[in-house]
Amino acid sequence: MRNLEEGNLLFIGLSWEERCFLGLKEDYKRFNQTSKVIILYNCKSEDDDNENRGKIAEYCLKREIQTEFVELDYSDPILTWKKIDSIVEAHKEFIKKPVIDITTLPREITWMLFFFIRKHTARIYYLYHSPEKYSSDWLSKEPGAPRLLLKHSGISDLNKPTGIILLTGFDEIRTRKLVEYYEPKFISLGIQSGSNFNNKERNSKDKHIQVIKGQTNFNTFSIDAFSRDHGLSTINQQVKLMGDYNIIACSQGPKLSLLSLYRSYLANTNIALCYLPSRQYNKEYSTGIGDTVKGEIEF
Amino acid sequence: MKNPFEYEAANNLTTQEILDYYIEDYNYTRFLESKRNIFLLGDRGSGKTMTLLYNSFKIKYEDPKRNKSKDLFEKIGIHIPCNTPLFHKKEYLLFEDDFRVQIIAEHYFVLSITNAIVASLKDVREVIEAFKDFDEELKEDFSYIFNIPVSTKHSFLESISRWIDKEAFETQKQINDPKNNEFYQNALSLSTLVLPLIKKIKKVPLYKDSHFIFLVDDAHDLNTHQVKVLNSWIAYRDHSDFSLKVATAKVNKPIKITSTGGSILEGHDYTNIDLEKPFYNKDSEFGNLAKSIIKKRLEKISNIDKEPSHFFPTNPELAESLEKYKEIARKEGIAKYGEKEKKKVTDHVYKYARAYYFRDRANSRANLVPYSGFDMLVDLSTGIIRNLLDPCYYMYDAEVSSKKDDTKIEMIPPKTQRDIIKARSDAMWKRLEDGLEKEIEACTESQGKRIYQLFDNLVLHFRERLIKHKSEPRAIMFTISQVDNEHYSELIGLLKIAQMSQLLYTRSGVAKDDGRKEIYYVPNRMLLPTRGLDPNGQHARVSLKCNDLWNAAVGNIPIPFNDDANETNAQAELFG
């Protein structure tokens, strides 16, 4: 087995999606010094019993890469927080070159990893693999209540109203859910630009406006999570514009937007990061693997 | 052009907007100004926040009708919203022991209350005047108790306000600090901060007889630890200086356990008040409230001096047809009871006229009923203010979008009303068909499917009644009978989810059999137009067997129709 001290430590999320295993192979192409893969999975889903589990184990074994499967309960953020803390703490000596494949990790888990890893290193590499295509049917169901990320819940001013910055996704019901839950005075909807994956139709501005109209004040702005800074400057601009609010920021758009939102949080720690969980994902959520985005974040 | 029917959260309205939109109900004001602890129960959109805000000192002071009242400084309502980011923080759950969790939960609560007290009072002219001679003494007292420097630049209340801001900032900063998992040592409580502050304020003669009323809003948003803290305050023996008025949703009502493990009891520690009003006809309490709300909004926002029934006129064909069927039913009643039995004839018209109209429409291939008119909108609201404003908002919006100039919207044509009612009704069915699991946290996919099947069969049952039932054809509410059934709790679980999605409401009324109070269920009447039913309904409750409802939900089996079903004819009550 490879020596932990010399190689990269890679974190991935186990999923039934094809791009989970295909993504790992791509990760290895880019980080062939990987000495250990830590695979996080949700004990409340069928993730611990899917084909990709065996494939990952076999692939790593052949290359003498160590593996560790870590069971989490994604529905319990307190337990998950403590478990991630302990797993990162146990590897702190080897977290010199950490790599996180964010593709199939929930946003909340990725942010938690960022939090604990940045205690030990100032630089994280990340990878994201687009699918070849998304299902044209529903993508997720059974949403949980929105929740503020632990230790990233901002600094609330007792005299300011609530405002939300939401980077919208394909599901407008989640937009409505967020507004109904926090009852903000104002919401700024960040709509992903471009027409990838039928984005113009599935994530149209009108769909989101329609479900919140009459309930709160809103504006919209365009953002490109696939740009060089993943939309960071656009988010920062919105944060500045909403200085009179206690801001709750939420990413439902392209996965890469979680990176820019996190970086924006680090620059504005008074804002709160929010996660909208879902208990069920379509088994046909995505197929294949598309482009890979690789980058690094300096904290 | 501002839409007069916007229904954004009351917390986000300005003082003037609250004064402009709110229609006072003296029953509630009386309860809210009492020294008793009250739980104010109401579904989402039933006006809980508006009621609390309207009775807060801040709004009362700005109200020219009420700011001269002698009790303005005797009963000081302090609005405390719980749906704020501070209340949604969960970091304290990372502490290992419950005692510490409770302390931080109370600390955040107390900071919010103190801030609300000070923010309500500090800018009021009379208060500034009243405090002048006592400011230095109060500042010194407070500075001694809390070990904070005496401010020479600011007044007592301003100093407290600044100190609370700093405390809130410091606490959150420490609790969020990545390098620090320590417990916050300076946590404050009701007895270490709020009660001493009230005592100090009462040293000022203007406040010597003041009673502080904490108007705790959206208590259903509190977590278990925060609720326990709140209940401990409710259980507090001495309520001469303060009392709590807690607004909460009917579903997911907070538990009644205190932080020391005791319980609070209705009647002993608190009183429940149901915010929903009888809503059976246009002259009911809710009908009158609805009329006042729409009239006031039209006047204040759109500068339109019109009766709601003129702004939302009924389709002439519908009005004419209803008159025609009234005449048919009247003749039928006279033939049956004789002309002298006026009451019986009137009852007969009430029961059957609309039923005949809707029955004929259901049996024919005619187009959709031209649903329209203000009374129809009141019926469709199911007694919930937000449900009343929702279609009105979309109707107004549709009229603005179709206009080519800036001229005022003087009325909503019946065709627009019908189209929007149809669209909102279809949208509600689509939510059911798509599955409530897409929007409700506690709902699974299987429950979502069952709820759709249950509602589908309920509406089919109501339709069958409309066509066949001899005495109560327009009943659209139900009670559950034969509840000693193994599936009863699962059925109630489904109904609770439907309540959380505002597709179903509960009311309480007197049972026919034994005069006891019973809960009955009212499906959101906006579901009815898509299926061609009459949202006006009838003062009758259909008694449905638990097993039949369960079979409808699980097996999609039609609910058996029985013309002799045991129905109750009773008016809903204001206080459940």
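Contact here means heavy atoms within 4.5 Å. The model is predicted.

**Close-up 1**
Neighbours within four places in sequence are left aside here. B:His107 then contacts B:Glu167, B:Thr171 and B:Tyr184, among others. B:Asn186, B:Ala187 and B:Leu188 are also in contact with B:His107. The relative accessible area of B:His107 is 0%, so this residue is buried; the cut-off for buried is under 20%.

**Close-up 2. The open sheet of chain B.**
Five strands pair in parallel, in the order 2-3-4-1-5. Strand 2 and strand 5 (271-274) stand at the edges. Each has a single partner strand, so one side of each has no neighbour in the sheet. On average, neighbouring strands are turned by 20° against each other, direction ignored.

**Close-up 3. Strand 2 of chain B beside strand 3 of chain B.**
Strand 2 spans residues 75-81 of chain B. Of its 7 residues, 5 are buried, which leaves the strand mostly covered. Strand 3 of chain B (residues 211-217) pairs with strand 2 of chain B in the parallel sense. The pairing runs over 7 bridges.

**Close-up 4. Strand 1 of chain B beside strand 4 of chain B, with helix packing.**
Strand 1 (residues 38-41) and strand 4 (residues 242-248) of chain B pair in the parallel sense. They share 4 bridges. B:Leu41 stands opposite B:Thr248, which belongs to strand 4 of chain B. Helix 11 of chain B (residues 224-234) packs on the sheet. This helix touches strand 1, strand 3 and strand 4 of chain B. Its direction makes about 140° with that of strand 4 of chain B. Helix 10 of chain B (residues 190-201) lies across strand 3 and strand 4 of chain B. Helix 10 runs at about 135° to strand 3 of chain B.

**Close-up 5. Helix 4 of chain A crossing helix 9 of chain A.**
Helix 4 (residues 107-117) and helix 9 (residues 257-267) of chain A have axes that come within 11 Å. The axes cross at roughly 45°, and the two helices are therefore oblique to each other. The crossing is right-handed. Helix 4 of chain A contributes A:Arg107, A:Thr110, A:Trp111, A:Phe114 and A:Phe115. These meet A:Ser257, A:Leu258, A:Leu259, A:Leu261 and A:Tyr262 in helix 9 of chain A. The contact residues divide into 7 nonpolar, 2 polar and 1 charged.

Terms used. Residues are numbered from 1 along each chain as its sequence is written. Chains are lettered from A and ligands numbered from 1 in the order in which they are written. This is a predicted model: local features need pLDDT of at least 70, side-chain atom pairs count only at pLDDT 80 or more; totals for chains, interfaces and linings use all residues. Side-chain values use heavy atoms; hydrogens and water are left out. Buried means under 20% relative accessible area, exposed over 50%, partly exposed in between (1.4 Å probe, protein chains only). Two strands pair if DSSP finds at least two bridges between them. Axes are lines fitted to C-alpha atoms, for helices over the stretch in contact, and angles run from 0 to 180 degrees between N-to-C directions. Angles under 35 degrees count as roughly parallel, over 145 as roughly antiparallel, 65 to 115 as roughly perpendicular and the rest as oblique. A crossing is left-handed if the near helix is turned anticlockwise from the far one by less than a right angle, and right-handed if clockwise. Ala, Val, Leu, Ile, Met, Phe, Trp, Tyr, Cys and Pro count as nonpolar, Asp, Glu, Lys and Arg as charged, and the others, Gly among them, as polar.
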